[in-house]
Amino acid sequence: MPRELADLPFAQWLETAGDLRAEDEYECALFEAAEHPGADLRHTEFGQCAFRGVTFSGGSAHNARFADVWLHGVRFTGTEMPDAMWMDAEIIEGAWSGVEASGAELRRVVFHNCKFDSVNLRGATLTKVRFVDCVLRHIDIGAAKLSEVEFPGTEISALVVRDTQLKKVDFRQAQSLGVGDGVDALRGAIITPGQLLDLAPAFAAAAGLVVKPL
């Protein structure tokens with residue numbers, strides 16, 4: 001179950017933070033109920049921080065580092081965060097739309113009830129990541145490396161997986177699995193017989209087969 005703010009092991013040390021600044025370091029900071037249009041978070045580091053009810057529109061988090069962080073109801077819209085690092089993070093009821101996160105690294109990250117739309121994760125590395133009861137639409141993980149990634153209860157549509165490397169990536173508990181491009185790159189994924197049937201037309205097209213009734 002997702003944790004509440006009070007359940008965090010560092011909750012008692014959190015202090016409300018003010019403005020966000022590039023190339024700064026934040027430890028045990030609490031950010032809540034604020035909008036940050038065009039925020040410059042390049043090379044900014046967050047350790048044992050919490051975000052609640054915060055909106056980021058546009059802006060850049062290039063090479064930012066989020067370690068041991070908790071986010072609840074946080075929205076990223078059109079934010080650029082290439083090569084950012086997310087480690088030991090819990091993200092609840094968040095929304096990522098039009099986010100550019102190519103080359104990002106996500107390690108031991110859990111997303112609960114989040115919505116992703118048109119997110120670029122090309123060349124990213126995802127290790128021990130869980131998408132729980134999420135909605136993933138038009139997500140590009142082309143040329144990315146995924147290891148021990150799970151999708152329980154998650155709706156997946158128009159997923160781009162071209163040239164992706166998968167290891168112990170388990171789609172079996174996904175509510176739906178729709179691949180828009182690169183279905184032949186699903187080597188290493190774990191799926192159910194039913195999901196295989198759903199993907200059969202895409203596999204046939206990738207193999208150059210023409211399937212017609214008699």
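**A walk from Thr 44 to the cores**

The backbone nitrogen of Glu 23 sits 3.1 Å from a polar atom in the side chain of Thr 44. That's a polar contact (N or O atoms within 3.5 Å, where within protein one must be able to donate a hydrogen and the other to accept it, and residues adjacent in sequence count only if both atoms are side-chain atoms). Keep in mind that this is a predicted model, where local features need pLDDT of at least 70, side-chain atom pairs count only at pLDDT 80 or more, and totals for chains, interfaces and linings use all residues. Residues are numbered from 1 along each chain as its sequence is written, and side-chain values use heavy atoms, with hydrogens and water left out.

Thr 44 is found in the loop between strand 3 (29-37) and strand 4 (45-47); strands are DSSP runs of E, at least two residues, numbered from the N terminus. With 0% relative accessibility, Thr 44 is buried (under 20% relative accessible area; exposed is over 50%, partly exposed in between, with a 1.4 Å probe and protein chains only).

Now hop to Gly 73, in the loop between strand 7 (70-72) and strand 8 (75-77). Gly 73 is partly exposed, at 27%. Leaving aside residues up to four places away in sequence, Gly 73 touches Gly 53, Val 54, Ile 92 and Glu 93, contact meaning heavy atoms within 4.5 Å.

Finally, the largest nonpolar core has 59 residues; such a core is a set of buried Ala, Val, Leu, Ile, Met, Phe, Trp, Tyr and Cys residues joined through side-chain atoms within 4.5 Å. Among the members touching the most others are Phe 46, Trp 86 and Phe 131. Apart from that core lies another, of 9 residues, including Leu 5 and Ile 92.

Definitions and conventions. Helices (H or I, at least four residues) and strands (E, at least two) are DSSP runs, numbered from the N terminus.
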